[in-house]
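Here is a short briefing on one protein chain.

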Amino acid sequence: MVDWVSLTIPFAYLGILIGSLATFSSLYRKRKAAKSSTLEPWFGPHVQRDIYLSLLHLEPEPGKEKSPAVPDGVLKAALLHRAVEDIRRILEVRNAKQALSNLLQRGSVGDDLWQRFLRAEKEIEAELRDVVEEANALQLGWGQTIFQSANEMHHNAILREKLIVIQAQGKSDKEWWQQEKASIQSKFMKELDDGEKETTKPAATLGGDKMGSDEDTVLVESGGPAASGAASSSKGGTSKKRKGGKK
């Protein structure tokens with residue numbers, strides 16, 4: 001005879017265990033969803049999307065029933081700028097995903113940051129689908145090429161920013177070079193002046209020495225023992241000659 005009481009105990013245990021696990025899973029998912037909804041968004045407000053939606057859904061002016069019609073060209077331009085911003089966000093997410101996953105594996109960042117990143121990825125995917133639908137609504141088939149045009153516009157904007165930085169750097173480099181050139185010229189002229197002074201000083205000393213030696217020779221020739229001896233000898237000779245002549 002089957003003992004049903006002994007069989008109901010393990011089934012009841014399994015039922016309680018499965019029910020508790022299901023309740024815990026449901027509560028955990030709800031808490032996780034509530035926590036993720038309170039997390040700070042990865043990106044800031046999407047201004048270009050807000051501009052496009054405000055142009056698309058213009059409210060009528062006071063006293064008028066119909067809202068003013070916005071030209072298709074204006075809507076296309078607004079949608080294109082919205083796609084350019086989406087391209088910028090896509091590139092930022094792609095560049096940050098690998099580094100962020102490595103940091104998460106090492107434990108350098110918390111799970112909250114990873115949840116913010118995953119939420120940003122989902123928002124971008126939904127944004128891309130919305131842009132494609134809006135582009136096809138404005139012009140049939142434009143959704144296939146709008147992001148290609150937006151990518152070209154994004155690269156052109158980056159090139160313009162780099163060109164502006166290079167031009168500003170060129171002006172600062174030019175000013176620096178002018179100052180450096182002036183300082184080099186002043187140093188070079190100073191070295192030339194110092195060299196000229198050094199070359200004129202030895203010439204002056206040589207001239208002074210030569211004049212001193214000439215004066216010495218003049219003094220030796222005009223007066224001194226040699227000159228007096230020569231004079232006395234010449235006088236003695238003349239006197240002797242005179243005496244011999246008298247005889």
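**Briefing**

Leu 17 has 36% relative accessibility, so Leu 17 counts as partly exposed (buried is under 20% relative accessible area, exposed over 50%, partly exposed in between, with a 1.4 Å probe and protein chains only). The model is predicted: local features need pLDDT of at least 70, side-chain atom pairs count only at pLDDT 80 or more, and totals for chains, interfaces and linings use all residues. Residues are numbered from 1 along each chain as its sequence is written, and side-chain values use heavy atoms, leaving out hydrogens and water.

**Fold**
- The protein chain has 6 helices and 0 strands (DSSP runs numbered from the N terminus: helices are H or I, at least four residues; strands are E, at least two).
- From the N terminus, the order is α-α-α-α-α-α.
- Of the 247 residues in the protein chain, 15% are buried.

**Helix packing**
- The axes of α2 (residues 47-56) and α3 come within 8 Å and cross at roughly 160° (axes are lines fitted to C-alpha atoms, for helices over the stretch in contact; angles run from 0 to 180 degrees between N-to-C directions).
- That crossing makes α2 roughly antiparallel to α3 (an angle over 145 degrees).

**Around Arg 94**
- Arg 94 sits in helix α3 (residues 72-106).
- Arg 94 is exposed, because its relative accessibility is 64%.

**Around Leu 17**
- Leu 17 belongs to helix α1 (residues 4-38).

How values were computed
Angles under 35 degrees count as roughly parallel, over 145 as roughly antiparallel, 65 to 115 as roughly perpendicular and the rest as oblique.
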